[in-house]
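Let's take a friendly walk through one chain of a protein model. Have the sequence and the 3D view ready, and look up each part as we reach it.

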Amino acid sequence: MLSFLIRRLLQTIPTVLAVVLLVFVLFSVVPGSIVSSMSDDSDPQVELRMKKQLGLDDPLYVRFGAYIAKLATGDFGTSFRTREPVTAMIAKRIWPTLQLIFAAMAFSVVIGVPLGFIAALKPGGIVDTLAMIVAVSGLSIAKFWLGLVLMYLFALKLGWLPSFGYGDGGLKYLVLPAVTLGVSPMALFARTTRAAVLEIMTADFVRTARSKGMSETRVVKWHVMRNALVIILTTVGLQFGALMGQAVVVEKLFSWPGIGSLLVDSVLQRDIPAVQGSILVVVLAFLAINLLIDVLYGVIDPRIRYA
Amino acid sequence: MLRTVAIVAGLGLALVATAQAETPRKGGTIRMTAPYGSSFTSLDIHTTQRAQDEIYAKALHRSLYIWNSAEGKPVLELAKEDVISDEGLVHTFKLRDDAYFHNGRKMTADDVIWSYNRIMDGTKAYPGARYVRVIEGAAAVEKGQAKEISGLKKIDDFTIEMKLTEKVDPGFYFFTALTSIYPADEAAKDSFIQKPIGLGPFKFVEHVPGSRIVLERWDRFYKPGKPYADKVIVLVMGEAAARDVAFRNKEIDTSVLGPAQYVAYQADANLKGTVVEVAEVFTRYMGMNTAFKPFADKRVRQAINYAIDTDLIINKLVKGKAYRATSWLPLTSPAYDKAMKPYAYDPAKAKQLLAEAGYPQGFEFEWTTSQNESWGLPIVSAVIPMLDKVGIKAKVKQVETAVLAEVVRSGDYQAFIYSQATGPDPQAALKCFHSSTPQPACNYMKFSNAEFDKLIDEAGQVDDAAKRTQLLQKANALLYEEAPVWFFNYNKAVMAVQPWLRGIQLNATELTHQSVEDLWVDETSPAK
């Protein structure tokens, strides 16, 4: 197990380096620079001095080397815009994003997985049809539109929840953005669960269990659910990564102070250190979640070994 | 010598008419919105020129001057008196002796001098440097040739002498938050960026990045009885649709409206009364590169102005949320000439001018644009068929707004569509077209006209304000004739304001920038 973890952790290094390099190269070729977004000063000397001060006049490989050297010491650099350490900026933003993503994930798993199970138990029935209508709708609805509808309904019409903002970070502020973000994975989990359960229900070991006289409840509980969980868990792991990207839209809509809105503003203003730092954190979080999922496989299905 | 005395109490005149008759209520919370992005750039206001950041900075900081919306000009704020020398270059400011920073220390001349020297640190490229550069010796500090601005002298703790490089009204240079006065001792510390200290009516409490800035009343603010509110919260809300729901739900007190919402609010009996609007000092236009052969001919540029049905675009596409441009200077400019009429929509005349210029079959050009809904791609898309009718084909080149700024400054375009600040100082706005103004500065069309230069030079020399205005109006009329741009519109800034928030000022420089000490909320506000 330990050697597996070490090996997986080492595998993340080239992934991280590739992401950092990609962002570096991208931002060196796209038009626009931090200098023009920070000042519309007339003096070209000012622009030159600013580029020098920010290290933008060095060749790309020099900048990349310096960045990697800093990164190795845990230093993400200093934001061009705010002149704050990027680590400090991210530290302020990461918790709201994690709050949002975990809440959205909890909502989607708690609703989506049982919905898929129930649908699969009576395929073609009314419950299955309704569940799949919900699932397909959930996958089709644009988050921006859904968020506005939820705001309109639960804030403006019913007055149950605030329409936007972080407030004190409490639950009432979290509900609408989390549901907005969670509807799409909820739909995906419902469909994935349904497909997985239907497939497992026809597997040989399930037929064997039934033929041994095991009750249907025990068959579902001990054989179907457990085997379906491996597939569901894989989907959950992948969705964590997707949610980190999708959170950008939701955070902006609800004025949620997460890393997504930091990323958007940083990209628009070509604040390269902040962009790199934000993307790096998202990538690291994605890798960490997937590593955790890999570990969980073994817990759920002891047949899986970490060779 | 000319003596200007600040009429501090006069600031109250900026309040809208309905508020004037009522006694402001003390207490309560003002909930403003910052609509121009997903976050604030920085808590160090010297480092950021975004309109978004000045919203909170108006509560937290103060500059030597402040914009007086009622009078439409900058007035003294941190100084009580400005004595101008006979030749008009040396200003002696008598500073307030009752202005306290939020750490309780009294502001002195040292803080003013320290702040301006800081802004001129050339290694930091503070955006306010372009204003402070008007002080003699400031440019030398910026270039690292001097340590202190030679044209700035401390006479005593509350008197400074400022020698300018040209005869201008320093008010136009020192009223924005970019030139805020910082406490010299505190601002040098690293902690300042986390917990800024200013001279404004509200002191810093909390910043939740990407969400809000919270400020509370500063009891030692120098204007007696002000501020009225206990607390100001500036909420980051970049999405117009979300702001709309929040406004209707009474969760925010102000909301900037786009064209679609402007129409919807006016059509709604419950919301119509909440709308306030002002002609901001921004001109929207299509700039034409005179290095591109067809645009070198004045008749072609005029033909473009005649070929476009500008009123139709303003009414149908911009939903009336703009004023038709008659030349460069906007409606709220002190040198705006009400007698001027815009180019008529006359495709026949446009065709005739094109033929005279040697383009009877028209020509093709590339038009660089951003996606902006008010002065970007939607407008370009509407104009293209109109130009096509007179034989001019336009190819669209779409770029991000940040990229467009670079394109415009570098001159790497045939035509572009843009929104440019054309005030509040009419002299500075028109000087952009002076042949001595470098293209990257603001002479984006590389305009050069000897007659225009002469008018601007003369305006810079005369002492008589009326005469100066006359000269500037002539220069503005000359621009109309020369048509270096398609004169599209002047921005109509529109904000929805809840009925319980009083004292809103119609600030033509930027409607969201409110002198918060003059705002107050009545007892019907849901935020007690």
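## Overall build

Chain B contains 17 helices and 20 strands; helices (H or I, at least four residues) and strands (E, at least two) are DSSP runs, numbered from the N terminus. Keep in mind that this is a predicted model, where local features need pLDDT of at least 70, side-chain atom pairs count only at pLDDT 80 or more, and totals for chains, interfaces and linings use all residues. Residues are numbered from 1 along each chain as its sequence is written, while chains are lettered from A and ligands numbered from 1 in the order in which they are written.

Along its principal axes, the C-alpha trace of chain B spans about 70 × 55 × 40 Å. Of its 528 residues, 54% count as buried, meaning that 20 or more other C-beta atoms lie within 10 Å of a residue's own, with C-beta atoms placed from the backbone.

## Where chain B meets chain A

Here 42 residues of chain B are in contact with 44 residues of chain A; a contact means that the two C-beta atoms, placed from the backbone, lie within 7 Å. On the chain B side, helix H4 (129-132), strand E11 (231-236), helix H7 (240-248) and helix H14 (401-410) each supply at least two residues.

## An enclosed strand

Strand E2 (residues 29-34) of chain B has five of its six residues buried, so it is largely enclosed by the rest of the structure. E2(B) pairs with E11(B) in the parallel sense over six bridges; strands pair if DSSP finds at least two bridges between them. Within this pairing, B:Arg31 has B:Ile233 of E11(B) as its bridge partner.

## A buried threonine

Which strand holds B:Thr368? B:Thr368 is part of strand E15 (residues 364-369) of chain B. B:Thr368 counts as buried because it has 24 C-beta neighbours inside 10 Å.

Leaving aside residues up to four places away in sequence, B:Thr368 touches several residues, including B:Lys397, B:Leu404 and B:Phe416. B:Met286 is 82 residues from B:Thr368 in sequence, yet their C-alpha atoms are 9.4 Å apart in space.

## Helix H17

Among the buried residues of H17(B) are B:Leu472, B:Ala475 and B:Leu479. Their cover includes helix H15 (426-431) and helix H16 (450-461) of chain B. Just after H17(B), B:Ala483 takes a positive phi of about 45 degrees.

Technical notes. Buried ≥ 20, exposed ≤ 12 C-beta atoms within 10 Å, placed from the backbone.
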